[in-house]
Amino acid sequence: MNPSLFIKSGVTWMRNFLLRVPLRLKIMGLAFGLTMLFGTMITYKVSTVLHQNMVSFLKEESRSVAHELASQAPDYLLINDIFGLNQYVQNIMKNRQDIRYIVILDNHNRVLLHTFGTLFPEGLLKHFSQRLPSGNPVQRLLTDEGVIWEASVPIMQGAKGSIRVGVREV
């Protein structure tokens with residue numbers, strides 16, 4: 001069978017079929033199709049805007065918690081009260097469920113305090129040895145648990161170290 005003849009017969013069959021469909025059904029099909037098209041477009045746009053707002057919120061939360069800790073940590077570090085600082089950090093972790101970790105580093109990038117329990121992730125220790133760009137204190141990390149938004153804030157302009165706060169993206 002000739003392919004062009006097959007296409008012509010298919011087009012003829014489709015045209016005859018569409019001519020037999022009542023006008024009311026055509027209008028309803030058109031309305032349904034447009035509704036589905038616009039609904040899909042609006043859903044996609046709303047989803048995109050919500051994701052952007054969520055990311056913005058998570059960045060701001062990690063930054064604000066890091067700044068809060070950086071303002072309180074010198075009081076504990078100047079008198080070498082690591083236990084009191086740990087209690088303060090654990091209280092913050094308890095009250096903010098989306099925070100994945102808090103790490104306090106000294107001015108030589110050694111870990112003073114962390115919220116990982118007994119097992120500290122090796123890859124994160126290598127990451128902490130890298131300095132963050134000064135213009136962007138929040139960065140996106142891809143981990144086994146998903147995306148983490150991490151803020152880094154110096155304590156007393158870096159004289160007493162820095163604080164890293166990681167917030168998990170849901």
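Visitor: Which strands form a hairpin with two residues between them?

Guide: S3 and S4 do; two residues sit between them in that hairpin. Keep in mind that this is a predicted model.

Visitor: In what sense do S3 and S4 pair, and over how many bridges?

Guide: S3, residues 138-143, and S4 pair in the antiparallel sense, over six bridges.

Visitor: What joins S4 to S5?

Guide: Seven bridges, and these two strands run antiparallel. S5 covers residues 162-168. Ile148 stands opposite Arg168 in S5.

Visitor: Is S4 largely enclosed or open?

Guide: Largely enclosed by the rest of the structure, because seven of its nine residues are buried. The strand spans residues 146-154. Buried here means under 20% relative accessible area.

Visitor: And how many residues of S1 are buried?

Guide: Six of the seven in S1, residues 99-105, so S1 is also largely enclosed by the rest of the structure.

Visitor: How many bridges join S1 to S5?

Guide: Six, with the two strands running antiparallel.

Visitor: What about S1 and S2, how do they pair?

Guide: In the antiparallel sense, over three bridges, with S2 at residues 111-114. The bridge partner of Val103 in S2 is His114. S1 and S2 make a hairpin too, with five residues between the strands.

Visitor: Which residue in that hairpin takes a positive phi?

Guide: Asn109, with phi near 60°.

Visitor: What holds strands of a sheet together in general?

Guide: Backbone hydrogen bonds, in either a parallel or an antiparallel arrangement.

Visitor: At what angle do H2 and H3 pack?

Guide: About 160°, with the axes 9 Å apart; H2 is residues 23-78 and H3 is residues 82-95. That angle makes H2 roughly antiparallel to H3, because the cut-off for that label is over 145 degrees. H2 passes H3 in a right-handed crossing.

Visitor: Which residues meet there?

Guide: From H2 they are Val65, Glu68, Leu69, Gln72, Ala73, Tyr76 and Leu77, and from H3 they are Ile82, Gly84, Leu85, Tyr88, Val89 and Ile92. By class, the contact has 10 nonpolar, two polar and one charged residues.

Visitor: What lies in the loop between H2 and H3?

Guide: Asn80 is in that loop. Asn80 has a positive phi of about 60°, although it is not a glycine.

Visitor: Is Asn80 buried or exposed?

Guide: Exposed, with a relative accessible area of 61%. The label follows because exposed means over 50%.

Visitor: How far is Phe38 from Asn91?

Guide: Their C-alpha atoms are separated by 47 Å, and the two residues are 53 apart along the chain.

Visitor: Last one, Thr143. Which strand is Thr143 in?

Guide: Strand S3. Thr143 counts as partly exposed, at 39% relative accessibility.

Visitor: And how far is Thr143 from Leu124?

Guide: 9.5 Å from C-alpha to C-alpha, with the two residues 19 apart in sequence.

Key
Residues numbered from 1 in each chain as written. Predicted model: local features only at pLDDT ≥ 70, side-chain atom pairs only at ≥ 80, totals over all residues. Heavy atoms only, no water. Axes fitted to C-alpha atoms, helices over the stretch in contact; angles between N-to-C directions. Helix = DSSP H or I, 4+ residues; strand = E, 2+ residues; numbered from the N terminus. Parallel < 35°, antiparallel > 145°, perpendicular 65-115°, else oblique. Left-handed = near helix turned anticlockwise from the far one by under 90°. Contact = heavy atoms within 4.5 Å. Nonpolar A, V, L, I, M, F, W, Y, C, P; charged D, E, K, R; others polar. Buried < 20%, exposed > 50% of the residue type's maximum accessible area, 1.4 Å probe, protein only. Pairing = 2+ DSSP bridges.
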